[in-house]
Amino acid sequence: MASIVSVNSLSVAYRSGGQDVPVVHEVSLDVAEGQTHALVGESGSGKSTIAATLLGHLRHGSRITGGSVEVSGADVFALPARELRQLRGGTVAMVGQNAGHALTPSMRIGRQIAEAGGDVPVVDLLEQVRLPRPAELARRYPHELSGGQQQRVAIAMAIAARPKVLVLDEPTTGLDVITQRSVLDLIAALSDELGLAAVLVSHDLGVVAHMADEVTVLRSGRVVESATTRQLFAQPQDPYTKRLLASVPRLDDTGLAVVGEAGEREVRPRSEVPVDAPVAVSAQDITIDYGSTRAVHGVSFDVRRGEVLALVGESGSGKSTLAWSLAGLRTPSGGTMKHADGDLARPAQQRPLSLRRRVQLVFQNADTSLNPRRSVGDAVRHPLRFFGTAADRPEATERARQLIADVRLDPALADRLPAQLSGGQRQRIGIARALAGEPDVLIADEITTALDVSVQADVLRLLDDLRRERDLACLFISHDLAVVRGIADRVVVLRHGVVVEEGPTETVFTDPQHPYTRQLMAAALEPDPDAQPYVDDTADWADAADGDDIWTEHGTDGHRVRRWRPLNAPVAEGAL
Amino acid sequence: MTTLDTVPPTTVRGARTARAWRTLTSSRTAVIGLAIVAVHVLIALLAPLLTSYDPIANDADHALLGSSWSHWAGTDQYGRDVLTRVLYGGRYALGISVTATLITVALGTVIGCAAALRGGWFDDVLGRVLDAILSIPAVLALLVVVTALGTGPAVIVLAVAIVYVPQVVRVVRGAALAVVPADYVTAARARGESTWSILRREILPNITDVVCVEFAMRASWVVLLISSLSFLGFGADPPTPDWGLMVAENRTAITVVPMASLAPIIALATLVVGLNLAADGLSKAWGVDRIREGS
């Protein structure tokens, strides 16, 4: 088969302080017609830089220091401006990560797609990306569409001029599992339909295993390993690839994976929560409103000391709202939240200091969770002084260093600014800051979502160690089921602000009862091209809870499921 | 131990100051502007040493003289040395302007940050009130205040604050709005910290550059406004040496001794140009700095 994209020992560098800093170093790859080639690597591996060169784009200040990029027989960087413009969109089209940012907010969908060129009518294109009622949708504005729909529109724009190559830069990062699955399936179907070659950039090995025919693993701008997908996932050759693969949490792990130097994998058993562990936080019938919109609708749960309770759900399921409410940032409109030291249904400022320090929050985005103008030592020191856990300045400094060591960092980092640390290090500092108040409840809101997979494994292990050492009650919020399976003791599945299923992690994962839980699990992508869906997908369903008759109990260990009934069948199957 | 503990923050702060200084000196505009302002400040401070004449003593024998070796810029209708009065005149202009600008920017910054942080009805009400004040022309508002409360430095400072605080609030609020959603502000809120402490620790350090530029820019406006007031007779009282007042006094004799009017105009112009250059340079230097160093 002829290769349509051919990158020949490409090197890219940017200038900084009078020196060339290499970003990409002698990378070669070929993509055959109709094939999907994935570029995998952690942040800073140069994967996006390579993908952008296919469109003849380089970041400002970067330049080619060697090699060439050929697309459809033409050397991209030797093309005159006019032909380069024809190449972009005409021969190569790109779908970026955040479609919401890629679409012009003040222009109707139809006009934007028409602007992308090509002779295919807009309605046909929208139909092709499986959007419902295309004629009506073409008249809408981008903000009226959901994230998944926006991404479909972006894909429609990319295929408008019938290109030969599609460059997909993290096309589903930031989307929910279920939406991600459907967008990926669409891309795969379109590639087949139109005979497109695709270059897929992703950090998610599950996505890559699902989509790609061939994979190139990159690290610091160099090719680590390149092979067909099946071969790479079955028999990785390089230790780095092995470590990377081993770090990915799996849906069937019964604990956190510990990965060795050579990529060997060992699952650490979960620690048992003692039966008589005291309840740290008890929430009953919580409802939270945003104006007239009800975000959380009658949610109840207990978290015991030393236990990790996971709140799982898609975006918009109300899980972060619950976390904020617990942290005192949003007052619930109904229900009770109790802590051993007092009432949590009041905003943070009205809680007594002794209660405030007991409930602490760790954030999703480590980049914005630390003040860029203050040293990280200061970030940890301040709450120590504020909560009075350290009596005076020297003690606070000493304790801050101790806390930084407790999160497995070098205390010498205390003098650095956040910008001088890596993402994983910043996230650890965020945890250290939360620990400064000596909390017994830690709320971890998607804390590993923005991290690379190997760093994610380290942070999860740290969190697990800390809750054992400090007997923390931990509310772990995540949309990633594989991560949840590894760390959580109990799981609460939320959908549209309502709990649909809850129970011990083992029971819920081995025997998911609610169709929504099953749907989430079926949509999760495992880093294995031959993986069978974790559960068979289930049929359509409708909520059947009414009045006091809400739950179906399964067994005696607290596994219960909200009543539901299959659509097109009158029998309440969940009642069995 | 104590020494070891106190060193790290200073090194962090030192590095930051060094960087701010480095980017500042890399901008020629900012350096020139600040140099001009510095020269003005020096002259105002050292005026008694630079000249031997008294700026307010009348000397009828030497009235309305042209340029000469003993009077470089001539004398005015009361026989006072024009150059001396120009040198001393900077004291009033700079003193009042700096005080007024400091108060304006400080007030505006606190209110702007608080509005951004508190949000809700506080922000809404404040916004409408500020809109109302903003819709009145600056000179008109000033004249109203001065007519009602009489002249004098304190009144003028107050009047300038009333006129310019809303604009500073607008700018600072905008800058602070970008910082408020950051998770470190949320973390401070979850700790239950007071608004003032969040302002001081988390927000202000991240908008210092905006505030500095705002200060330089407002200062140039305030200098102009205060001189206009003096010219109109609502500012400094005669015989105080003041640029605006000097222009007003000498404009009738502009054909006889043009330097008596021109000299204060030149002084005023250079100061305003200097402040403008400084504001421009600072905003560019620190704005570009963020892109270049990626922080």
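**Entry 1: strand β21(A)**

I began at one residue pair: A:Val492 stands opposite A:Glu502 in β22(A). The model I am reading is predicted; local features need pLDDT of at least 70, side-chain atom pairs count only at pLDDT 80 or more, and totals for chains, interfaces and linings use all residues. Residues are numbered from 1 along each chain as its sequence is written, while chains are lettered from A and ligands numbered from 1 in the order in which they are written.

I looked up the strands around that pair. β21(A) and strand β22 (residues 498-504) of chain A run antiparallel and are joined by 6 bridges. (Strands, E, at least two residues, and helices, H or I, at least four, are DSSP runs numbered from the N terminus; two strands pair if DSSP finds at least two bridges between them.) The two strands make a hairpin with 2 residues between them. In the turn, A:His496 has a positive phi of about 50°.

I then checked for another partner of β21(A). Strand β15 (residues 308-312) of chain A pairs with β21(A) in the parallel sense, over 4 bridges. Here A:Val312 stands opposite A:Val493.

Is β21(A) buried or exposed? I found 6 of the 6 residues of this strand (residues 490-495) buried, so β21(A) is largely enclosed by the rest of the structure. (Buried means 20 or more other C-beta atoms within 10 Å of the residue's own, exposed means 12 or fewer, partly exposed is in between; C-beta atoms are placed from the backbone.) A:Arg490, A:Val492 and A:Leu494 point one way. A:Val491, A:Val493 and A:Arg495 point the other way.

**Entry 2: chain A as a whole**

I counted 20 helices and 26 strands in chain A. Buried residues make up 49% of its 576 residues. Its C-alpha atoms fill a box of roughly 70 × 65 × 50 Å along the principal axes.

I compared the radius of gyration with the globule rule. Chain A has 25 Å, which agrees with the value near 25 Å for a compact globule of 576 residues. (The radius is taken over C-alpha atoms; the rule is 2.2 Å times the number of residues to the power 0.38.)

Chain A is divided into domain 1 (3-236) and domain 2 (359-438), with bounds from an automatic or database domain assignment. The domain centres, taken over C-alpha atoms, are separated by 39 Å.

**Entry 3: the largest nonpolar core**

I looked up which members of the 242-residue core touch the most others. They are A:Leu54, A:Val165, A:Val199, A:Ile443, A:Leu475, A:Phe476 and B:Val160. (A nonpolar core is a set of buried Ala, Val, Leu, Ile, Met, Phe, Trp, Tyr and Cys residues joined through C-beta atoms within 7 Å.) Both domains of chain A give residues to this core, so it lies between them.

B:Val160 touches B:Ala100, B:Thr104, B:Val222, B:Leu225 and B:Ile226, leaving out residues up to four places away in sequence. (Contact means C-beta atoms, placed from the backbone, within 7 Å.)

**Entry 4: chain B**

I checked where chain B meets chain A. 21 residues of chain B are in contact with 29 residues of chain A. On the chain B side, the elements giving two or more residues are α1 (2-25) and α7 (183-190).

Last, I looked up B:Val146, found in helix α5 (residues 138-149) of chain B. B:Val146 is buried, with 20 other C-beta atoms within 10 Å. Beyond residues up to four places away in sequence, B:Val146 touches B:Thr151, B:Val155, B:Ile156, B:Ala159, B:Leu229 and B:Phe234.

Technical notes. Contact = placed C-beta atoms within 7 Å.
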